[in-house]
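Grab a pencil and work through these exercises with the structure open beside you. Try each task before you read its solution.

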Amino acid sequence: MNLNKIIIITGHYGSGKTNISANLALKLAEQGQVSVVDLDIVNPYFRTADFKKLFAAHNINLVASKYANSSLDIPALGFDLSGVIKSADYIIIDVGGDDEGAKALGRYSEMLKAHKYDMFYVINKYRYLTQEADDALALLHEIEAASGLKCTGIINNSNLGVETTASVIETSLPYAREIAEKAGVRFVFTAGNKALNCQAVDFQVEVLVKLVWQD
């Protein structure tokens with residue numbers, strides 16, 4: 001993959017963007033120093049910050065609000081993003097779902113525009129409200145408007161959880177490519193559990209959410 005230093009991960013609630021963020025971090029940690037910025041101040045129930053132990057084991061720096069993993073749902077960030085950008089080879093920013101989550105990203109839009117960045121939109125054909133390409137595209141435009149940043153690529157993470165088969169993923173390809181074409185951005189990859197041995201998958205992922213729940 002040809003990636004810029006700053007990689008922003010956005011998407012619909014439940015699209016699997018946090019799992020994608022974590023898997024990307026683990027992959028990129030093989031090449032250099034990675035920092036993961038947990039910018040999800042919308043959903044207090046499941047966040048990148050839940051991967052603290054896993055990241056530490058792979059020398060990945062986790063940057064999160066001081067209220068992450070607490071019972072307080074407070075929209076406070078409390079970290080210096082410019083310093084994070086200077087100190088790592090790759091920065092992955094996991095953004096809260098939909099346009100509401102992207103508002104936090106908007107606070108940093110001018111800073112991010114000063115750097116080369118990727119903003120990837122994670123899609124799941126089988127999630128409620130984004131099952132049609134045009135609906136997923138409309139949500140993408142809302143995220144762009146809220147963040148003040150432009151999407152640069154589409155990540156296809158279409159799945160049905162434990163019921164996912166190779167056919168489920170393969171069926172989603174026309175949908176994913178249609179969104180990329182209409183948005184005028186590149187199709188980055190299709191993600192999928194490596195245990196499926198699916199030919200359509202070009203970025204194999206571990207389902208790290210299960211590891212978190214079992215911790």
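**Exercise 1. Work out how strand 1 is paired and whether its faces are buried or exposed.**

Step 1: start with the neighbours. Strand 1 runs parallel to strand 4 (residues 90-95), and four bridges join the two. (Strands are DSSP E runs of at least two residues, helices are H or I runs of at least four, both numbered from the N terminus; two strands pair if DSSP finds at least two bridges between them.) Look for Ile6, which sits opposite Ile91 in strand 4.

Before going on, a word on the model: it is a predicted one, where local features need pLDDT of at least 70 and side-chain atom pairs count only at pLDDT 80 or more, while totals for chains, interfaces and linings use all residues. Residues are numbered from 1 along each chain as its sequence is written, and side-chain values use heavy atoms, with hydrogens and water left out.

Step 2: strand 5 (residues 117-123) is also parallel to strand 1, this time with six bridges. Here Ile9 has Phe120 as its bridge partner.

Step 3: check the faces. In a regular strand, side chains alternate between the two faces of the sheet. On one side of strand 1 you'll find Ile6, Ile8 and Thr10, on the other Ile7, Ile9 and Gly11, and all of them are buried (under 20% relative accessible area; exposed is over 50%, partly exposed in between, with a 1.4 Å probe and protein chains only).

Step 4: wrap up. Six of the six residues of strand 1 are buried, so the strand is largely enclosed by the rest of the structure.

**Exercise 2. Find out what the side chain of Thr164 reaches.**

Step 1: locate Thr164 in the loop between strand 6 (153-156) and helix 7 (166-171).

Step 2: Thr164 counts as buried because its relative accessibility is 13%.

Step 3: follow the side chain. It reaches the backbone nitrogen of Leu160 at 2.7 Å, and the side chain of Thr164 also reaches the backbone oxygen of Gly161 at 2.7 Å.

Step 4: now look further along the sequence. Leaving out residues up to four places away, Thr164 touches Asn159, Ile169 and Leu196 (contact means heavy atoms within 4.5 Å).

**Exercise 3. Say which helix gives the most to the lining of the second largest pocket.**

Step 1: helix 1 (17-28) and strand 8 (203-205) each supply at least two lining residues.

Step 2: helix 1 gives the most, with four residues.

Definitions and conventions
Polar contact = N/O pair within 3.5 Å; in protein donor to acceptor, adjacent residues only side chain to side chain.
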